[in-house]
Amino acid sequence: MKENLPVLLLKKLTLLPLQEVRLELNNDLSKKIIDLSEGVFHNKILVILPINFLEVSPSVKDLPKVGILTSVVSKIELPNGNYRVVIKGLHRVEVLNYSTYKDDQKVIISSIKRLYIDTGENTEGVALKRKLIDLTKSYIRLNPEVSNSISHKINESVSLDELTDLIVNFINLPINKKTIYMNELSEVKRAKKLIKELNIELEVIKLNNKLDYEIRNDFEKEQKDYLLKAKIQKLNEELGVSSSKTEEASIYHDKINNLDVCNETKEKLLNELRKYEYTPDNSPDLSIIRNYIETVISLPFNKSSKEELKAKNIRTSLDKTHYGVSIIKERIEEYAALKELNNDISSPILCFVGPPGVGKTTLAMSISKALKREFFKISVGGLNDSSELTGHRRTYLGASPGKIISGIKKVGVDNPVILIDEVDKMVKDFKGDPASVLLDILDVNQNKLFVDNYIEEPFDLSKVLFILTANDEEVIPAPLKDRLEIIHLDSYTIYDKKYIALNYLIPNIFIRYGARKVKISEDIILYIISNYTLESGVRELERVLDKLIRNIIINKITPSKITLEYVSSVLGNKLYETVLKEGMIGSVNILGASPLGGEIINVGSALVSSDTTLTVTGNVGERLLDSINLIISYLKSVNYIDSKILKNSGLHLHFESNFKIDGYSGALGIISGILSLISKKKIDNTIAFIGSIDLYGNVLKVSKLKDKIITAYNNGIKTIYLPKANIIDLKDIPKFIIDDLSLITVSKYDEVYKKLFLR
């Protein structure tokens with residue numbers, strides 16, 4: 001049956017068959033549609049919901065092909081001009097097309113077709129009805145907030161079509177879901193979707209009921225615990241028993257709840273607190289539990305100090321305490337600038353490598369001061385027990401947190417500067433491998449969840465600025481070195497030492513003793529450096545100056561009386577004249593490097609009557625012996641020495657050094673010394689050599705060039721032969737040193753031979 005009816009659009013309300021709704025209409029068009037329905041269309045209208053709810057004035061293409069045929073049950077015109085109407089849904093209908101009303105173009109007229117619905121039931125329909133009825137009854141039974149008014153309406157005598165509409169009207173569904181049911185013509189599809197919807201609602205209700213039950217039980221338990229504690233407290237008062245433990249537990253409870261930690265950690269601490277409350281006062285476990293709780297709650301979880309991020313202020317602060325080290329100062333400035341842009345940036349893991357006394361430790365302290373961060377130091381030199389870093393488990397008697405967590409607890413913030421000193425001197429043995437433990441501590445991808453064996457809960461170390469120090473980079477384990485940003489602190493020149501003494505050491509010594517500063521001339525400082533110290537840094541220089549200044553203060557010495565004679569009378573005889581040996585045939589100076597800085601090594605050579613072709617003395621290593629054998633093979637291959645010479649006599653080489661010499665970088669000098677011996681030509685003692693060679697006489701690049709050249713300069717060397725491949729490294733050496741030295745770069749030994757022995 002086809003029929004034409006006016007269309008009423010609803011946007012915030014759905015309407016289904018068998019459902020009545022009350023509307024208050026204030027829109028002129030809507031009121032006109034009601035009047036038209038009453039006057040022309042026998043109180044019938046078509047109610048639809050637009051496809052797009054956000055469209056203010058939907059077009060025909062936005063209107064659905066399904067609507068609800070309704071009847072206007074009543075209409076009342078209110079004093080304000082609005083219509084209050086009651087409309088009742090009759091049937092779903094299919095919309096054939098939409099058009100405009102001939103008398104009013106704003107009114108939409110629909111051509112509808114009532115679909116024939118077979119009320120005869122098949123097996124699927126019966127099964128769907130029974131399932132819907134069962135689910136609806138379960139919904140009513142489990143949900144105390146809904147009435148059971150629908151119970152008498154839903155039974156197997158109602159058609160599946162009507163049953164779905166009854167249930168959709170009954171349960172609380174959002175408008176977008178009800179719209180789907182409103183626009184679906186197939187009662188089977190509606191029934192299947194509704195079964196799924198009811199199952200979801202039932203699961204939600206069951207979950208809510210379970211949560212309500214758990215919350216109610218927790219509340220009852222808290223009430224019960226409160227009453228029991230109150231009774232116990234009252235009984236203790238009556239018996240005269242101290243309530244300090246109860247009060248202490250209450251304080252712990254408040255502190256635990258105020259910790260900025262995850263729920264799992266809080267729950268564990270509360271469990272420990274319950275154990276503490278139930279443990280008898282005379283039990284030895286009581287103090288163990290108390291110490292654990294106090295340690296954990298005193299840790300600064302997510303508690304950071306405000307740091308200085310202004311690059312200018314940081315640089316000014318560092319310049320006040322340390323001379324030079326511009327690379328490190330610039331790196332700290334870069335970190336601060338990036339931190340100001342992104343507060344979540346990871347802190348760098350810096351490692352200062354350099355000889356003793358160059359200021360690695362004090363520089364780390366100055367960095368913490370410049371950044372306005374807390375500071376503490378951990379010395380791992382000689383450490384062989386990894387538990388010192390990660391703590392001991394509580395099962396051990398006297399267990400405690402490791403040095404990392406203990407230090408953080410002491411400073412009270414989670415973003416301090418931690419100095420790990422002398423990482424190149426850690427020991428690996430049966431007690432553990434501290435270097436492996438440091439891998440987890442220093443890895444930015446892992447240390448956010450660092451777990452101390454004693455604490456047993458994760459602590460975030462990612463905000464910590466770790467600074468490590470070492471004398472010898474080669475000794476640092478490779479996996480650990482891979483995580484570090486290595487920055488070298490080179491040896492000081494005598495002029496660097498003079499500047500540091502005048503501007504840092506001497507003023508600080510006078511301040512330390514609370515005395516007025518007395519001027520000491522630059523010549524006196526240079527005299528002290530040259531004759532009383534022999535080091536890469538300034539630690540020994542500070543001790544010598546301290547001794548001199550103590551005498552100046554006590555005896556009230558004026559600047560005019562601080563002469564070379566006075567200095568000698570206070571400091572005693574000169575400790576170091578010069579490391580350069582008097583030039584002799586077969587004697588040369590080679591430049592080496594040790595963990596303590598650069599070193600001048602004198603190599604002497606002689607031909608002796610011996611059954612042994614080669615004799616090497618001095619504190620030498622295997623690699624140096626290999627290098628000497630290679631040198632002799634090279635000299636023979638190019639006929640620089642006659643094989644008969646070594647056949648009739650033995651070659652004796654002697655190396656003078658305070659440290660073990662092991663490497664290849666002295667080969668250039670060793671060859672020259674042997675040739676000096678063979679050719680009986682003396683090599684000036686102000687000449688030094690750096691460089692290794694291969695079997696074909698090619699001069700190879702060496703490492704630690706800067707330390708070697710500065711040491712040579714400080715000790716009066718004037719000419720240095722070095723590999724041409726090291727030219728690029730000369731840019732790191734101060735210009736005044738380069739200008740004062742004669743640096744001869746060579747790529748093959750033939751070039752050295754021509755300069756020294758063919759003139």
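A polar contact is taken here as a pair of N or O atoms within 3.5 Å; within protein, one atom must be able to donate a hydrogen and the other to accept it, and residues adjacent in sequence count only if both atoms are side-chain atoms. The model is predicted, so that local features need pLDDT of at least 70 and side-chain atom pairs count only at pLDDT 80 or more, while totals for chains, interfaces and linings use all residues. Residues are numbered from 1 along each chain as its sequence is written, and side-chain values use heavy atoms, with hydrogens and water left out.

By the polar-contact criterion, a polar atom of the N726 side chain lies 3.0 Å from the backbone oxygen of V702. The side chain of N726 also makes a polar contact, at 2.8 Å, with the side chain of D729. N726 is located in the loop between β21 (719-723) and α24 (735-740); helices (H or I, at least four residues) and strands (E, at least two) are DSSP runs numbered from the N terminus. With a relative accessible area of 0%, N726 is buried (buried means under 20%, exposed over 50% and partly exposed in between, with a 1.4 Å probe and protein chains only). Not counting residues up to four places away in sequence, N726 touches K701, V702 and L705, where contact means heavy atoms within 4.5 Å.

Strand β21 belongs to an open sheet of seven strands with mixed pairing, in the order β16-β17-β15-β14-β18-β21-β22; two strands pair if DSSP finds at least two bridges between them. The edge strands, β16 (614-617) and β22 (742-746), each pair on one side only. Neighbouring strands of this sheet are turned by 30° against each other on average, direction ignored. Axes are lines fitted to C-alpha atoms, for helices over the stretch in contact, and angles run from 0 to 180 degrees between N-to-C directions. Four bridges join β16 to strand β17 (residues 650-656) in the parallel sense, and T617 has H654 in β17 as its bridge partner. Helix α23 (residues 705-714) packs on the sheet and touches β14 (587-594), β15 (597-608) and β21, its direction making about 75° with that of β15. Helix α25 (residues 749-757) also packs on the sheet, with contacts to β18 (687-689), β21 and β22; the direction of α25 makes about 135° with that of β22.

Another open sheet consists of five strands in parallel pairing, ordered β8-β9-β12-β7-β13. Because β8 (375-379) and β13 (485-488) stand at the edges with a single partner strand each, one side of each is left without a neighbour in the sheet. Strand β7 (residues 350-353) pairs with strand β12 (residues 465-470) over four bridges in the parallel sense, and L350 stands opposite I467 in β12. Helix α10 (residues 326-341) packs on the sheet and touches β7 and β13, its direction making about 145° with that of β13.

An antiparallel arrangement is found for strand β5 (residues 83-101) and strand β6 (residues 104-114), which are joined by eight bridges. The two strands form a hairpin with two residues between them, and Y98 has S110 in β6 as its bridge partner.

The axes of helix α16 (residues 494-513) and helix α17 (residues 522-532) come within 10 Å and cross at roughly 115°. Residues I494, Y495, K497, K498, A501, L502 and I506 of α16 meet E522, I525, L526 and I529 of α17.
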